Amino acid sequence: MRAYEVTNTSGLDGLVLNADRPTPEPGPGQIAVRMRATSLNARDHGVTRGIYGYTKFPVIPLSDGAGEVTAVGPGVTQFKPGDRVASTFFQTWSGGRMPADVSRNSLGGMLDGVLAEQVVLPQPGAIHVPDHLSFAEAATLPCAALTAWHALIEAGGLKAGETVAVLGTGGVSCFAVQFAKMHQAKVFLTSSSDVKLARAQALGADHTINYRATPDWDQEILKQTGGAGVDHVLEVGGPNTLEKSMAAVRPGGSIYVIGAVAGAGQINPRIINRKAITLKGIHVGPRDMFANMNRAIAATGLRPAIDQTFPFADAKRAYEYQASGAHFGKIVISVD
Ligand SMILES: NC(=O)c1ccc[n+]([C@@H]2O[C@H](COP(=O)([O-])OP(=O)(O)OC[C@H]3O[C@@H](n4cnc5c(N)ncnc54)[C@H](OP(=O)(O)O)[C@@H]3O)[C@@H](O)[C@H]2O)c1
């Protein structure tokens with residue numbers, strides 16, 4: 001079968017197509033999935049450059065994919081051939097407390113991932129996907145969508161009428177807008193681009209701020225909330241934006257610490273206790289939350305924001321496009 005492999009830490013030079021990789025067959029408790037679509041996440045660049053941390057070489061990259069079950073091994077009870085499934089980011093976190101070794105069990109890291117024609121997953125490492133979603137749409141769910149859902153809905157208990165600040169228009173942030181609107185919250189969103197701000201409004205964002213034109217976007221959020229601040233901040237910027245997020249959140253509000261797209265910076269932690277802010281780290285999420293999210297997506301007909309779909313042969317171009325930051329929402333690579 002054809003599969004991509006990350007062979008070393010040289011970046012995209014180390015990403016090679018292997019046309020003769022043996023096709024894996026399911027053993028006891030495992031299913032075989034004919035992948036139809038995969039999606040990229042920021043961490044997949046870290047894998048190619050050796051800075052993600054939990055990586056083996058060579059590794060089949062990418063955690064996020066969707067396809068059809070083609071065969072099941074002995075003892076499989078939840079799936080049958082023909083079922084439409086997605087991979088789960090962590091293969092061993094079904095629910096409850098996060099296992100200590102969870103980072104060693106993510107697809108496209110220490111475990112072979114999904115940028116391949118066929119993959120074999122243990123039963124807890126796959127999940128049925130909502131009927132109304134295409135394979136491309138379903139392939140966007142395992143990491144970015146579940147991270148946003150975990151933060152706002154499972155950890156945050158988001159309620160109708162509450163306010164949410166979302167940074168940028170990448171994959172996690174676009175899902176955050178959609179889940180916030182699903183729960184009738186009010187969304188403040190920042191972006192570097194007015195064109196993307198218009199797209200974010202079409203997705204549901206209520207108030208948009210260009211963080212290049214308005215570097216003090218935190219003060220703008222305070223102004224627009226009558227000085228109160230927002231109830232929740234989805235923090236994907238990291239050390240360079242965290243202080244502004246702490247300024248923009250209301251006293252007693254919550255900040256979900258997720259990513260670091262904005263680079264290095266300095267943080268004065270004093271405001272955390274002065275405003276009694278809850279800082280909650282989010283690490284994707286377990287399979288039972290994925291099931292909750294899928295139920296909500298099916299009930300509301302939510303459709304993920306896909307910027308572009310690249311053919312399998314153009315996987316490197318998809319990576320380059322993601323690295324450019326030009327995208328809005330998710331980037332898909334089909335397995336055609
Ligand atoms: N903790 C977890 O479980 C988890 C899960 C998924 C992702 N992450 C992390 O979360 C971050 C976002 O992931 P993603 O997949 O959504 O990435 P992505 O799709 O590549 O998002 C990139 C976007 O970030 C925005 N951005 C860049 N600099 C910014 C700044 N200074 N202020 C505000 N926004 C800025 C840009 O939006 P505009 O172009 O609109 O300006 C850019 O398009 C990454 O650091 C990723 O590693 C963590």
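Which residues of helix α10 (residues 315–324) are buried? I started my notebook there, keeping in mind that this is a predicted model.

**Entry 1: α10.** I found Ala315, Ala318, Tyr319, Tyr321 and Gln322 to be the buried residues of the helix. Looking down the axis of α10, I saw these residues fall within an arc of 160 degrees, so they line one face of the helix. A reminder to myself: an α-helix has 3.6 residues a turn, so residues three or four places apart point the same way. I then looked up what covers the buried residues of α10, and the list includes β1 (3–6), β2 (15–18), α1 (42–49), β14 (306–310) and β15 (330–334). After α10 comes Gly325, with a positive phi near 75 degrees.

**Entry 2: α3 and α4.** Next I checked how helix α3 (residues 141–155) meets helix α4 (residues 171–182): their axes come within 8 Å and cross at roughly 45 degrees. That makes α3 oblique to α4. I noted the crossing as right-handed. Among the α3 residues in this contact are Leu141, Trp149 and Ile153, and the α4 side includes Val172, Phe175 and Met182.

Entry 3: Most residues other than glycine have a negative phi, and most peptide bonds are trans. I looked for exceptions.

- Phe57 and Pro58 are joined by a cis peptide bond, with omega about -5 degrees; Pro58 sits in the loop between α1 and β4 (64–72).
- Gln184 has a positive phi, near 55 degrees, and is exposed, with a relative accessible area of 58%.
- Val284 has a positive phi, near 45 degrees, but is buried at 5% relative accessibility.

Note on methods: Residues numbered from 1 in each chain as written. Predicted model: local features only at pLDDT ≥ 70, side-chain atom pairs only at ≥ 80, totals over all residues. Heavy atoms only, no water. Axes fitted to C-alpha atoms, helices over the stretch in contact; angles between N-to-C directions. Helix = DSSP H or I, 4+ residues; strand = E, 2+ residues; numbered from the N terminus. Parallel < 35°, antiparallel > 145°, perpendicular 65-115°, else oblique. Left-handed = near helix turned anticlockwise from the far one by under 90°. Contact = heavy atoms within 4.5 Å. Buried < 20%, exposed > 50% of the residue type's maximum accessible area, 1.4 Å probe, protein only. Arc of directions from axis to C-beta.
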